[in-house]
Amino acid sequence: MIEIHNIHKSFNGVQVLKGIDGVFETGKTTLLLGASGTGKSVLLQCIVGLVKPDLGSITYDGKVFTNNRLDLKQEIRRKIGMLFQGSALFDSMNVQENVEFPLKMLTPDMTKEERLDRVEFCLKRVGLEAAHKKMPSELSGGMKKRVGIARAIAPNCTYLFCDEPNSGLDPLTSIKIDELIYEITKEYNITTIIVTHDMNSVIEIGDHIMFLHNGLKLWEGTKDNIMDTNVKELNDFIFANSLMRAAKRIEEEGGDIDKL
Ligand SMILES: Nc1ncnc2c1ncn2[C@@H]1O[C@H](COP(=O)(O)OP(=O)(O)OP(=O)(O)O)[C@@H](O)[C@H]1O
């Protein structure tokens, strides 16, 4: 479980995060939802430790990440898997080497054979067992995301952070990547945080959703009650999508949304 309290961050005098609290539960996906520029990625970067908050605290399973103890930070970082927006694979390494990379960095005691076994296992888990020797340039966007997921979970991560895992993917591939992240979260009891502005992901895999607007958390809840909120900014965000508008209309008229 990750807990954050009163997170503030400004850049050049502009307040981007204005005091955010939240609890991210173990074995669940929490989606940070909001329009562009609302501070979702900056919040994720604060939680991961890539950006230092000006104020506030971040706790990983009771251990305070923001207390400046380097050894503790390193211990927590070893348990973090990160799926970056553009997958961020190393272009000069093949798939196998990309997935092996964090194992070399984080688990120096592993033998080469153990590392390759783990790579094999992770590639199989994401459905890419036949792609070991391919270079990133030979992969589709969806395959790159799968390699990114395999790389993130390779060191047995306890916490998984995904920054817009669907960016640049077609709707069908997006759903498959969402499902993969969701299954892995449940299978390995990971605390997963996903930055997104994709309502489809919310409906498919959002155990818990936090809606950010202008650096504030305006709403949080589940996918089951997100459609019934009175928060204007959230309603505006959800129903900017014509499919969601149609679903709402059918629901209000007493129809069956599943037939949409
Ligand atoms: N390193 C930085 N220096 C200065 N400003 C920054 C920096 N990082 C982010 N910002 C600003 O913080 C604000 C929030 O950015 P952030 O990337 O968190 O938005 P977001 O909600 O993730 O948007 P998107 O959905 O488009 O990725 C933006 O105005 C952005 O320009």
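Predicted model: local features only at pLDDT ≥ 70, side-chain atom pairs only at ≥ 80, totals over all residues.

Colleague: How do the residues in the contact of α3 with α4 divide by class?

Modeller: On the α3 side the contact includes Val-95, Val-99 and Leu-103, and on the α4 side it includes Val-119, Cys-122 and Leu-123, which are nonpolar residues. Taken over both helices, the contact has six nonpolar, one polar and three charged residues.

Colleague: Is the crossing of α3 and α4 left-handed or right-handed?

Modeller: The crossing of α3 and α4 is right-handed.

Colleague: What confidence scores come with the model, and what pLDDT does the chain average?

Modeller: The model scores ipTM 0.96 and pTM 0.89. Within the chain, 93% of the residues score at least 70, and the average pLDDT is 89.

Colleague: Which helix gives the largest share of the shell around the ligand?

Modeller: The residues around the ligand are Phe-11, Val-16, Gly-34, Ser-36, Gly-37, Thr-38, Gly-39, Lys-40, Ser-41, Val-42 and His-197, and by class they divide into three nonpolar, seven polar and one charged. The largest share, three residues, comes from a helix that covers residues 40-48, namely helix α1.

Colleague: Which residues of α1 are buried, and which residue just after α1 takes a positive phi?

Modeller: The buried residues of α1 are Lys-40, Val-42, Leu-43, Leu-44, Cys-46 and Ile-47, and among them Lys-40 and Val-42 also belong to the residues around the ligand. Just after α1, a positive phi of about 100° is taken by Gly-49.

Colleague: Is Thr-191 buried or exposed?

Modeller: Thr-191 lies in strand β8, and, leaving aside neighbours within four places in sequence, Thr-191 is in contact with Met-1, Ile-2, Phe-24, Glu-25, Thr-26, Thr-158 and Tyr-159. Thr-191 and Lys-28 are 163 residues apart in sequence, yet 5.8 Å apart in space, C-alpha to C-alpha. Because 23 other C-beta atoms lie within 10 Å of Thr-191, and the cut-off is 20 or more, Thr-191 counts as buried.

Colleague: Why does Lys-133 count as exposed?

Modeller: Lys-133 sits in the loop between α4 and α5 (141-153), where Lys-133 touches Asn-94 and Gln-96, not counting residues up to four places away in sequence. A residue with 12 or fewer neighbours is exposed, so Lys-133 counts as exposed because its C-beta neighbours inside 10 Å number 10.

Colleague: Asp-61 has a positive phi although it is not a glycine; is Asp-61 buried, partly exposed or exposed?

Modeller: Asp-61, with its phi of about 40°, is placed in the loop between β4 (55-60) and β5 (63-64). Because Asp-61 has 13 C-beta neighbours inside 10 Å, it counts as partly exposed.

Colleague: And where is Asn-189 placed, and what is its phi?

Modeller: Asn-189 counts as exposed because it has 10 C-beta neighbours inside 10 Å. Its place is in the loop between α6 (171-187) and β8 (191-196), and its phi, a positive value in a residue other than glycine, is near 55°.

Terms used. Residues numbered from 1 in each chain as written. Near = placed C-beta within 6 Å. Helix = DSSP H or I, 4+ residues; strand = E, 2+ residues; numbered from the N terminus. pLDDT = per-residue confidence, 0-100. Left-handed = near helix turned anticlockwise from the far one by under 90°. Contact = placed C-beta atoms within 7 Å.
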